[in-house]
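Look at the structure first, then read the points below.

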Amino acid sequence: MASGSLRLPLRRGRLGTVSRAGRRRRLRVLAFLSPWLAGFGLFFAYPLAATVYFSFTRYNLFTLKYVGLDNYRYLLHDGDAWTAMRNTLWLVAVLVPLRVLFGLGVAQLLTRIRRGGNLLRAVFYVPYLIPPVSATVAFVFVLNPGTGPFPVIARHLGFSLPDFFNDAAWAKPGLSLLGLWAVGDVMIILLAALLNVPRSLYEAAAIDGAGAWARFRHITLPTVSPVLAFAAVTGVIETLQYFTQAMVAGKVAAGQADLPGTQFAPGYPGGSTLTFPQWLYDEGFRQFNMGYACVLALVMFVIAMAFTLLLLRQFRAFAGEEAQ
Amino acid sequence: MRTSTTRRLAAALAAAGLGLTACTAGGSGGQSGGPKAEEKQTIEVWHGWSAPHEVKAFQDAVAGFHKLHPNITVKLVKDQTDDRITNAIRGGNPPDVVSSFTTDSVGQWCQSGAWQDLSGDIAGSKLDLNQFPKPVQQYTQYKGRRCAMPLLADAYGLYYNKALMKGEQPPRTFSELTALAKKLTVRNPDGTIKVAGFMPSAQYYEHQVQHLATQFGAKWLTPDGHAAFAADPAVKAYLQWDKSLIDWYGYDNVKKFLHSMGQEFESSNPFEKGKVAMAVDGEWRTKFMQEEAPKVDYGTAPAPVPDGQDARYGSGFVTGTVIGIPRGAEHRAAAWEFIRYLTTDTGALVTFANALGNVPTTIASLSSPGLTLPPQFKTFLDVFKNPASATTPPTPNGNDYVVKFQQFVQDQWEPGKAGDLDKALKDLDGKVDASLKLAGG
């Protein structure tokens, strides 16, 4: 490990100076580390430091003025930012678990199917390959209450579907449905993990009298938990950056195109699809309040880090408990 | 364990850090001199027009310029939005000339320096700004910094479908409009709207708040630049009229009607399809009517005014396309020559106005006999010349206050979720003022 190498005692000369061999060794270590150090510095340390710096300024991309904590104070009263935060956390709390559970369920089902398994795998995986913009546009049209095939069929059958994407109460559930439809990414890694669980464990458990639930709880779950952790962590990070589907769904449902001269307010209907990254983008690249956008970026950074640490700790605790 | 904690921290940092890079990308460009106007060169011009007849009109105007300046080749890039323009300037690779339909953003561009100050060019070319009407001179500068020139203008008025009007005359007041809208509306057996007399919702295309509230005399901002929604009786008058007519239709019916509308700039537009009897729209619709609905017999008139304000009848919302030189443009001198030609040459403006169906922006071109626009167009020339016509004031954060008001109207007011109107408007004032302060206003 690189960190271990750095802790090795360096040979010192008579006057306490680092010997030539020691210096050479240190340079060698640094040379090996340099690609990582360059990447870390360029893509993490510098952006982080610059973001913190700009967050104390009024910066419109052309002029820059130090404003102290003004941008942070503005955040406290920015209703749109809090709406965006609530919406994003709603998606993290609902969409991520749903996708992981649904992906696990589908994968579990696919491991049991004897005929037509390949076709079903393709059926569940292909929606994930469709570009998000096309998929979202299609989804909004398919669920359009006036002309969409699903609402029309539902009406013929004597019931009505909710007005997804035009009703503030149903817009996020609509986006969640879209997320479940494109569950292929989660499904495929969980399927691989499930197929890797040794059959002998199930056989031994069955001989000991373990039922289906006990086998799932004490064999399947602990074995696939690292993959579940991966799916949950990447799912949380992706959802904290949820942008395209929400932006496109809002625009298409509102009948707004990005035409020159049109005014655009993200979040249709009624701010229900306004996510935190959309608000960050709007403040940074439409209003050009870059200093304030940096405050929003820092908030997102802290939340993403907190979620990741929490999830990793939970899964590690769960795996450790099962190992005992 | 220390190692696992370190790893977890590293994983979390790497994951969370992805969101930060967006905030710090790019670098600002600087002012550049570039080659002299007489040298052989190619300039790149970004504009927002996209319809085939609009794009051709710009190409024709460029052909006239190329005859005068054969050494300058103009490369046109159509369908450009303000966001793309600003991001190109920010990215340090802007075109030489940019144009925008968003007059409200002039304050933002002038104050930030995103568009270069043209005062020196105007003085150097001995250009007389009095050749433009006063409102035009106003909306092309911000606090004395003139960073834009006017390239055609837009004026708003009332379009009415003569067949659907059933012999009625266009309304002059909002009371008359309301009565006529109710009279001309045709409903389906289930109560939904088949033909709307007039659709008041701010979500109906050009019935956005700035176009209709201006008819009520909304001031938008106080003289010292603060939000004036709560204190402005014209804003409340607009909102109450809007809500009362929406309630007459039924909000659910309005929503259904709005969701069934076609595209604004295609032949599926409901006015062109005969699904609305009257609509407020820009002068450009005359051109679209010619191209997309030549069989529809329609008339135009100034948009109505509130009762008791007869003197203001004839005025309307005006705005305009603006053109300028972005910060970092490589061929500044040639860019200015192009802008000067396009914005002041009567022949070019008249040709352009005829082709686009827009209002020309110089006094000479407004009265040019060369204007060959349909008879319905006269309404818009008159609205444009009317001294009571108004536009929304520029601010350091563009039309953010208009967007916020539009959001309030469509998300809270029209669905009936706003509660106490005075309190809601005071809250809106607070939001707008805080946002203006954030942008340095």
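A residue counts as buried if 20 or more other C-beta atoms lie within 10 Å of its own, as exposed if 12 or fewer do, and as partly exposed in between. The model shown is predicted.

**A loop glycine in chain B**
- Gly250(B) sits in the loop between helix H10 (233–249) and helix H11 (251–259) of chain B.
- Gly250(B) has 15 C-beta neighbours inside 10 Å, so it counts as partly exposed.
- From Gly250(B) to Thr321(B) the C-alpha to C-alpha distance is 37 Å, with the two residues 71 apart in sequence.

**Two domains in chain B**
- The domain assignment of chain B gives domain 1 as 41–154 + 318–385.
- Domain 2 of chain B is given as 166–317 + 394–438.
- The C-alpha centres of these two domains of chain B are 28 Å apart.
- In the contact between them, 26 residues of domain 1 of chain B meet 24 residues of domain 2 of chain B.
- On the domain 1 side, the elements of chain B that give two or more residues are helix H4 (106–112), strand E11 (318–324) and helix H16 (378–385).
- By class, that side of domain 1 of chain B has 12 nonpolar, 11 polar and 3 charged residues.

**Helix H4 of chain A against H9**
- Helix H4 (residues 79–112) of chain A packs on helix H9 (residues 184–195) of chain A at an angle of about 50 degrees.
- The axes of H4(A) and H9(A) are 8 Å apart.
- H4(A) and H9(A) are therefore oblique to each other.
- The crossing of H4(A) past H9(A) is right-handed.
- H4(A) brings residues to this contact including Arg99(A), Val100(A), Gly103(A) and Leu104(A).
- Among the H9(A) residues they meet are Val186(A), Met187(A), Leu190(A) and Leu191(A).
- The contact of H4(A) with H9(A) divides into 11 nonpolar, 3 polar and 1 charged residues.

**Helix H4 of chain A against H13**
- H4(A) also packs with helix H13 (residues 276–286) of chain A, at about 150 degrees and with axes 7 Å apart.
- That angle makes H4(A) roughly antiparallel to H13(A).
- Asp80(A), Ala81(A), Ala84(A), Met85(A) and Thr88(A) make the contact from H4(A).
- Phe276(A), Gln278(A) and Trp279(A) make it from H13(A).
- The contact of H4(A) with H13(A) has 5 nonpolar, 2 polar and 1 charged residues.

Notes:
Residues numbered from 1 in each chain as written. Chains lettered and ligands numbered in written order. Predicted model: local features only at pLDDT ≥ 70, side-chain atom pairs only at ≥ 80, totals over all residues. Axes fitted to C-alpha atoms, helices over the stretch in contact; angles between N-to-C directions. Helix = DSSP H or I, 4+ residues; strand = E, 2+ residues; numbered from the N terminus. Parallel < 35°, antiparallel > 145°, perpendicular 65-115°, else oblique. Left-handed = near helix turned anticlockwise from the far one by under 90°. Contact = placed C-beta atoms within 7 Å. Nonpolar A, V, L, I, M, F, W, Y, C, P; charged D, E, K, R; others polar. Domains from an automatic or database assignment.
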